[in-house]
Amino acid sequence: MWKEARRKALPPAQVTSPLAVIPYGLRHACVSFWLRSGVSLAETARRAGHSVAVLQRYYAKVLDGEEDRMNALIEQGLAEHEDGSEEP
């Protein structure tokens with residue numbers, strides 16, 4: 001049914017695209033994108049409609065290699081706190 005719906009709803013170039021070959025693919029891509037964009041685990045879980053434990057079990061791998069970016073965010077937060085530009 002999904003293949004037929006894609007064929008009827010999408011232009012030919014998009015029908016042959018691997019994007020959303022299965023409906024779950026869009027959901028997985030969206031949740032992965034939110035996490036890679038820095039949306040918190042709690043907020044991503046709320047939006048996706050499942051628990052933080054599920055995110056950690058199935059999506060944590062999308063954050064592999066993010067240590068440098070996370071460290072930079074922590075350093076930025078500390079600098080803002082030291083400058084007094086952020087409320088305690």
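1. A quick definition to start: a residue is called buried under 20% relative accessible area, exposed over 50%, and partly exposed in between, using a 1.4 Å probe and protein chains only. By that rule glutamate 4, at 35% relative accessibility, counts as partly exposed.

2. Please keep in mind that this is a predicted model, where local features need pLDDT of at least 70, side-chain atom pairs count only at pLDDT 80 or more, and totals for chains, interfaces and linings use all residues. Residues are numbered from 1 along each chain as its sequence is written, and side-chain values use heavy atoms, with hydrogens and water left out.

3. Let's look at the salt bridges (a side-chain nitrogen of Lys or Arg within 4 Å of a carboxyl oxygen of Asp or Glu). The whole structure has six of them. Glutamate 4 pairs with arginine 7, with the closest N and O atoms 2.4 Å apart, and also with lysine 8, where the closest N and O atoms are 3.8 Å apart. Together, Glu4, Arg7 and Lys8 are linked in a network of salt bridges.

4. Where do arginine 7 and glutamate 4 lie? Both are in helix α1 (residues 2-9), three residues apart, or about one turn of the helix. Helices here are DSSP runs of H or I with at least four residues, numbered from the N terminus. Lysine 8 counts as exposed because its relative accessibility is 64%.

5. Another salt bridge joins arginine 69 to glutamate 66, with the closest N and O atoms 2.5 Å apart. Is each partner buried or exposed, or in between? Arginine 69 has a relative accessible area of 32%, so it is partly exposed, while glutamate 66 is buried at 9%.

6. Now for the interior. A nonpolar core is a set of buried Ala, Val, Leu, Ile, Met, Phe, Trp, Tyr and Cys residues joined through side-chain atoms within 4.5 Å. The largest one here has seven residues: Val31, Leu35, Ala45, Ala48, Leu55, Tyr59 and Val62. Helices α3 (23-36) and α4 (41-48) each supply at least two residues of this core.

7. Leaving out residues up to four places away in sequence, threonine 44 is in contact (heavy atoms within 4.5 Å) with Val31, Trp34, Leu35, Val39 and Leu55.
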